[in-house]
Each structure stands twice: as structure tokens, then as C-alpha cells.
Amino acid sequence: MDDHLLTPSLLRAARALLGWSQTELGQKAGVSRKAIATFETAKPSDRTDPRRKAVLQTLRQYLEVECDIEFTFASDKTGEGVRRAKSR
């Protein structure tokens, strides 16, 4: 896993792809629903707070490893996106 942090839109898209509410994701990943709600509306500068960064890394790891979610992070050549890495 590289050091890219999830963006609010990537986190919302991953939940939508799984059909999960904030509460469901929080319970499964061990993160509070309030933290997820906060991240999904956060400004980019909010993601650099060390505590928030740690929770975003936890969420990303859970989604990638346990849910087979694959994130594409924005670059100068592509936009961001979310997809299932493999079918279950």
C-alpha cells in the first residue's frame, strides 16, 4: 500500500460500491460512524491531522484487504476512482 490518503469522494464511492451505510462500514472496520461522516465531508487540509490520517489508513487497509476494493488516485493523467479488485 502506498501513502495516498483516501479522499471524501473515494470513501463514499467505496461504501456505495459495497452497498454499506456509514454505520455498517464503521462496525466492520472498527471505526466510529461519526469519524466516517466527518471524513466524508472533510476539507483536504483536515486529512493531514495525524489522528485522522491514521483512521483513513485503517479504513483504506480494511477496504482493500477485506473487501477487495481497488482505489485509483488522481494524477496528472487520470482521475480518481473505485472498483472491485476481484469478484467474490
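How many helices and strands are there in the protein? There are four helices and two strands, and from the N terminus on they follow the order α-α-α-α-β-β. Here helices (H or I, at least four residues) and strands (E, at least two) are DSSP runs, numbered from the N terminus.

Before we walk further, a word on what you are looking at. This is a predicted model, in which local features need pLDDT of at least 70 and side-chain atom pairs count only at pLDDT 80 or more, while totals for chains, interfaces and linings use all residues. Residues are numbered from 1 along each chain as its sequence is written, and side-chain values use heavy atoms, with hydrogens and water left out.

Let's begin with the overall shape. The C-alpha atoms fill a box of roughly 30 × 30 × 20 Å, taken along the principal axes. For 88 residues, a compact globule would have a radius of gyration near 12 Å, and the protein agrees because its own value is 12 Å. That radius is taken over C-alpha atoms, and the globule rule is 2.2 Å times the number of residues to the power 0.38. Of the 88 residues, 35% count as buried; buried means under 20% relative accessible area, exposed over 50%, and partly exposed in between (1.4 Å probe, protein chains only).

Now look inside. As a general rule, nonpolar side chains in soluble globular proteins tend to be buried together. In this model, the largest nonpolar core has 21 residues, and Leu6, Leu11, Leu25, Leu59, Leu63 and Phe71 touch the most other members. The elements that give two or more residues to this core are α1 (8–18), α2 (22–29), α3 (33–40), α4 (50–67) and β1 (69–72). Helix α4 gives the most, with five residues. A nonpolar core is a set of buried Ala, Val, Leu, Ile, Met, Phe, Trp, Tyr and Cys residues joined through side-chain atoms within 4.5 Å.

Phe39 sits in helix α3 and counts as buried because its relative accessibility is 5%. Leaving aside neighbours within four places in sequence, Phe39 is in contact (heavy atoms within 4.5 Å) with Pro8, Leu11, Arg52, Val55, Leu56 and Leu59. Val55, in turn, belongs to helix α4 and counts as partly exposed, at 23% relative accessibility. With the neighbours within four places again set aside, Val55 is in contact with Val31 and Phe39. Val55 and Val31 are 24 residues apart in sequence, yet their C-alpha atoms are 7.4 Å apart in space.

Next, find Thr7, in the segment before α1. Is this residue buried or exposed? Thr7 counts as buried, because its relative accessibility is 17%. Its side chain makes a polar contact with the side chain of Glu80, at 3.1 Å. A polar contact is a pair of N or O atoms within 3.5 Å; within protein, one must be able to donate a hydrogen and the other to accept it, and residues adjacent in sequence count only if both atoms are side-chain atoms.

Finally, visit the loop between α4 and β1, where you will find Asp68. Most residues other than glycine have a negative phi. Asp68 has a positive phi of about 55 degrees although it is not a glycine. Asp68 is also buried, with a relative accessible area of 11%.
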